[in-house]
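Work through the exercises below with the sequence and the model at hand. Each task is followed by a solution in steps.

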Amino acid sequence: MNEFNQKDKGNKKDAQVKTFPVQFAFKEIQENFNINNNSLSKFSKEGIINQAINFHKKGNILEAKKYYKYFIDKGFIDYRVFSNYGTILKDYGNLKEAEFYLRKSIEINPTFAEGHYNLGNILKDLDKQKEAELCLRKAIKINPSLTEGYYNLGKILKDLNKQKEAELCLRKAIKLKPD
C-alpha cells in the first residue's frame, strides 16, 4: 500500500478522478427508491402533507415526492398533494401521469386556480392546445390576478393564430407584473 502511495506522490496528474454523467430512466430510479414506511407512519395525515410541502419548498424534490406518494398510496385525499405530485411528475417528463394527478386535484377542488393553470401547462406540453386554452381561461376566471396564466394563455392563443386575443392577454400580464 505504501509503495502505491509513493508512486502517486510523484505523479499528481494520474491521481485525478474523472466523473461522467450516467443517464438513468426515471422508472429505474423509482424502482430502486425504497420508502421506509416505519419512519413515515409516525406522521399524521396533516404531518405528511406538511413534511412534503416543506421538502418541496426547500428544493428537496426526491423527499417531497416520497412523502406525496406515500400520502396517495395510503388512500388519503388532498388537492394540494395531487397537484404538487403532478407538477413533480411533469418536471420528470411524465406528462400523462402528471395530467392524471392534476385532473384529480381539480376534481377534488374545482376552484383551485393553480391546478387549472398547471394542468393547462401540461396539456400545452402534450400538444393539446385547445384544452390548454380552456384550462388557463378557467384559472384566470378563478384568479384574475394570475399573471402567469395570462402570459401562458397569450402564448397558446398566438399558437392558435388568435393574435388579437393573444396580444390582450400578454398586455394584461405586463400590466399585472411590469417587471
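**Exercise 1. Describe the salt bridge of K104 with E107, its place in the fold and the accessibility of both residues.**

Solution. K104 forms a salt bridge with E107, and the closest N and O atoms are 3.8 Å apart; the criterion is a side-chain nitrogen of Lys or Arg within 4 Å of a carboxyl oxygen of Asp or Glu. The model is a predicted one, in which local features need pLDDT of at least 70 and side-chain atom pairs count only at pLDDT 80 or more, while totals for chains, interfaces and linings use all residues. Residues are numbered from 1 along each chain as its sequence is written, and side-chain values use heavy atoms, with hydrogens and water left out.

Helices here are DSSP runs (H or I, at least four residues), numbered from the N terminus. An α-helix has 3.6 residues a turn, so residues three or four places apart point the same way.

Last, check accessibility. Buried means under 20% relative accessible area, exposed over 50%, and partly exposed in between (1.4 Å probe, protein chains only). K104 is partly exposed because its relative accessibility is 25%, and E107 is exposed because its value is 58%.

**Exercise 2. How many salt bridges does the structure hold, and which parts of the chain does the pair R80 and E46 link?**

Solution. The count of salt bridges is 13. One of them joins the side chains of R80 and E46, at 3.3 Å from N to O. This pair links distant parts of the chain, with R80 in helix α6 and E46 in helix α4, 34 residues apart. R80 is partly exposed at 26% relative accessibility, and E46 is also partly exposed, at 39%.

A further salt bridge, between the side chains of E63 and K66, has an N to O distance of 3.2 Å. E63 and K66 are three residues apart in helix α5, so about one helical turn separates them. K66 counts as buried, at 13% relative accessibility.

**Exercise 3. Describe helix α5: its span, its buried residues and what follows it.**

Solution. Start with the span. Helix α5 covers residues 61-73, which is 13 residues, and reaches 18 Å from its first C-alpha to its last. This is close to the 18 Å expected at 1.5 Å a residue, where the expected span is 1.5 Å times one less than the number of residues.

Then list the burial. The buried residues of α5 are A64, K65, K66, Y67, Y68, Y70, F71 and I72. After the helix comes G75, with a positive phi near 90 degrees.

**Exercise 4. Which residues of the largest nonpolar core touch the most other members, and which element gives the largest share?**

Solution. A nonpolar core is a set of buried Ala, Val, Leu, Ile, Met, Phe, Trp, Tyr and Cys residues joined through side-chain atoms within 4.5 Å. The largest such core has 36 residues, of which Y68, I72, V81, Y85, Y101, L119 and L153 touch the most other members. Elements giving two or more residues to this core include α4 (45-57), α6 (79-91) and α11 (163-176). The largest share, six residues, comes from α5.

**Exercise 5. Classify the aromatic pairs F71 with F76 and F100 with Y101.**

Solution. Rings of Phe, Tyr and Trp (its six-membered ring) pair if their centres lie within 6.5 Å; planes under 30 degrees apart count as stacked, over 60 as edge-to-face and the rest as tilted. By this rule there are six aromatic pairs. The rings of F71 and F76 have centres 5.1 Å apart and planes at 50 degrees, so this pair is tilted. F71 is buried at 0% relative accessibility, whereas F76 is partly exposed at 28%. For F100 and Y101 the centres are 5.0 Å apart and the planes at 85 degrees, so the pair is edge-to-face. F82, Y85, F100 and Y101 form one aromatic cluster.

**Exercise 6. Is L123 buried or exposed, and what is in contact with L123?**

Solution. L123 lies in helix α8 and is buried, with a relative accessible area of 0%. Leaving aside neighbours within four places in sequence, L123 is in contact (heavy atoms within 4.5 Å) with E99, R103, K128, E131, A132 and C135. Among these contacts, E99, R103, K128 and E131 are linked in a network of salt bridges.
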